[in-house]
Amino acid sequence: MNKRENNWLVLIGFIVLAQSAGIVGSLFTTPNIPTWYATLYRPPIAPPNWIFAPVWTTLFLLMGVAAYLVWRSGPRTKLALRIFGLQLALNVLWSILFFGLQSPGAAFVEIIFLWLSIVWTMYAFAKHSTLAAWLLSPYLAWVTFAGALNYFIWTLN
């Protein structure tokens, strides 16, 4: 059996890695929701605060599974996984900019780079696993929505 097939520890590792990005981001987000974020004008499209945690938890789970599928596909996956790491870092950076530094304008500029990095990740993943690329499509859709929400919050405040 190939050591890359059905390696549950590696799968768990990729899920933990992705979820860890969410946890780090939440360190900047959570304390600012009832304080700073609560004072902002938000557009009618803004979902209730409780929806963000389950959505992001699900998206990070899908990211981890997608990265595992790419890793499992063979030895020539380093570039795709590095791009994945870049988009994870950009994901955390958005939380730091928007919530930590309370800068919706800087966060909006950054979310454009995050969106582009997700597209790049999907493209790189598709070379190894079509399913892995598709597993990132809800993430791309959510970040597209988040970008619009970020823009409206920036312009309203």
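This is a predicted model: local features need pLDDT of at least 70, side-chain atom pairs count only at pLDDT 80 or more; totals for chains, interfaces and linings use all residues.
Residues are numbered from 1 along each chain as its sequence is written, and side-chain values use heavy atoms, leaving out hydrogens and water.

**Core**
- The largest nonpolar core has 46 residues; a core here is a set of buried Ala, Val, Leu, Ile, Met, Phe, Trp, Tyr and Cys residues joined through side-chain atoms within 4.5 Å.
- Buried means under 20% relative accessible area, exposed over 50%, and partly exposed in between (1.4 Å probe, protein chains only).
- Met-63, Phe-98, Phe-125 and Tyr-139 touch the most other members.
- Setting aside neighbours within four places in sequence, Tyr-139 is in contact (heavy atoms within 4.5 Å) with Trp-56, Leu-59, Met-63, Gln-87, Asn-91, Leu-114 and Ile-118.

**Buried charge**
- Glu-110 sits in helix 4 (helices are DSSP runs of H or I, at least four residues, numbered from the N terminus).
- Glu-110 is buried but has no salt bridge, meaning a side-chain nitrogen of Lys or Arg within 4 Å of a carboxyl oxygen of Asp or Glu.
- Arg-42 is the nearest side chain of opposite charge, 19 Å away (Lys and Arg count as positive, Asp and Glu as negative; His and the chain ends are not counted).
- Not counting residues up to four places away in sequence, Glu-110 touches Leu-90, Asn-91, Leu-93, Trp-94 and Leu-97.

**Surface**
- Phe-152, in helix 6, is partly exposed at 36% relative accessible area.

Key: Helices (H or I, at least four residues) and strands (E, at least two) are DSSP runs, numbered from the N terminus.
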